Amino acid sequence: MSIAVALNILTIVAVSGGAFFFLAGTVGLLRFPDTLTRLHALTKADNVGLGLIMIGLLPRVAWPFDALKLIVVWVLVLVASAVSSQLIGRKLWRGGDGS
Amino acid sequence: MNVPTILGICAAGLIGLGLFSLIVEPQPLRKILAFNVLGNGVFLFFGVVARRGAAVGLFGDPIPQALVITGIVVGFSATALAVALLLRLFDETGSTSLGDDAQKESKSERADS
Amino acid sequence: MTIGVGFSIALGLLILAVAVFTIGTRDSFAAVVAFVVYGLLLSLGWMNLYCPDVALTEAAVGGGVTGALLLNACARVRSEKTSDFKKSPRWIGRGMAGLLCLALSSGLVAVVILLPNPAPTLAPEATRSLSATGLGNPVTAVLMAYRALDTMLEKVVLLLALVGVWSLASDRFWGGRATFGHLPEPDRPLIFLTRVLAPVGIIAGIYLFWVGADAPGGAFAGGAILSAIWILVFFAGLSVVPAVGSLGLRIVLSVGIIIFLAAGVAGISMAAGFLAYPAGFAKPIIVVIEVAMTLSIGATLGLLVAGPPGESLKP
């Protein structure tokens, strides 16, 4: 099995896994009872999903600069989603409306 | 049934939806949202024309793309001015309604410019 | 039906569904959030149409900065009651409006299906003079060389909108600082995010503007990212909004138009006419104009979100 076929299989498996995790996170968003649990489902599942999709896409792009750009995007999304879920959590902890 | 035609039908639908909401919705903030939906639908229509003009190795005709870039920025500035007017009206009267039935007399008597 | 067509159908249906939710939902906050999602899905649609410059500008301006503006507005008018409004038109009014919009949409669908084949295009003309401008990206060439007058007038429109927003301030606040409408005390995570994101964002904005000469990008996308970073810095309380009356701010805002006009007038004497570039010097002049434009656009978009000057609750 050549390296190209192996990388193709890696891409397909990783992106499918990532898509499944995003789907799971969305199901959690729709089905969980209140905002804190939804936040938990969203951040955990979406971060794993994003990581898997990035791993699946890395073999597809030209090394090094395009791959580095993908990794920078990954880190930025991680930081932004971490901060925004912290902000939402803090607001709820202080007693904002829990809708 | 190719990609530009499908997105062109989507753009036509967006224009109709935006115009309907612009006419029917009484709240000005929702009217501003509808105006933006309508404008983005029109820009998507331009994009369909741009894509169909792909030639000489380019993926799309660049002239409609430049028009849309200009349009997006101008549309944003119109939205910003509309929102500033909306917020000023809210600060003065306590409500964003444009009709006479919501004028609050206590606020309209302020000695303010 | 290939995968590409299937993806476009799914994307088109998704965009329509989000638009229907935006205009149909009763909660204004949900409508604004759905509008931001709509902007991001639209930039996916632009990529599907192979227009990356427009996709970048739509994601930055349409999704990002407009979203910030509308969320700010929605938070401030949250306290009003919907009972203040006269009811939306009766069924006959809605029916007639619906019929009008249905007719309009059907007409546009017919136009899309009946568009001429082969499609008329200006792409050959656009690429013919591309080497003379020294640019590699035809969209940038259209914006900065072929239709430079439109771009300059658009900058003027931006500045006029900003003057309009400023003029809504009370007389006693004229010359003061814009307040974004009394922002709450920033949380520590937001300050952390801003400290991490600001350098990256500035580099990203400058990179987008610089690479727009030969690849997708350009002054508008770069300027929009710079303005987004500036707004984030204000939200985090790490910097104070400059006063409306300060000379430095006014110079930064107008430097784009001034340099554009200067290049245009210089073109009368040195080249064919107004806004014509002398042969061989086109690329350097375009780059200088774009630098000034990116700065002005970043400042103007940020200040448009900030709103008119008002009184600040902070001491």
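Chain A and chain B are joined by no contact, and their closest C-alpha atoms lie 20 Å apart; two residues are in contact if their C-beta atoms, placed from the backbone, lie within 7 Å. Two pairs of chains are in contact, and chains B and C share the most contacts. This is a predicted model, in which local features need pLDDT of at least 70 and side-chain atom pairs count only at pLDDT 80 or more, while totals for chains, interfaces and linings use all residues. Residues are numbered from 1 along each chain as its sequence is written, and chains are lettered from A and ligands numbered from 1 in the order in which they are written.

**Chain C**
- Chain C has 12 helices and zero strands (DSSP runs, helices being H or I of at least four residues and strands E of at least two, numbered from the N terminus).
- Of its 315 residues, 43% count as buried (20 or more other C-beta atoms within 10 Å of the residue's own, with C-beta atoms placed from the backbone).
- Among contacts in chain C between residues at least 6 apart in sequence, 74% join residues at least 24 apart.
- The C-alpha atoms of chain C fill a box of roughly 65 × 60 × 35 Å along the principal axes.

**Helix pair in chain A**
- The axes of α1(A) (residues 3–31) and α2(A) (residues 35–57) come within 7 Å and cross at roughly 170° (lines fitted to C-alpha atoms over the stretch in contact, with angles from 0 to 180 degrees between N-to-C directions).
- The two helices are therefore roughly antiparallel to each other (an angle over 145 degrees).
- Residues making this contact include A:Phe21 and A:Phe22 of α1(A) and A:Arg38 and A:Asp46 of α2(A).

Note on methods: A residue is buried if 20 or more other C-beta atoms lie within 10 Å of its own, exposed if 12 or fewer, and partly exposed in between; C-beta atoms are placed from the backbone. Angles under 35 degrees count as roughly parallel, over 145 as roughly antiparallel, 65 to 115 as roughly perpendicular and the rest as oblique.
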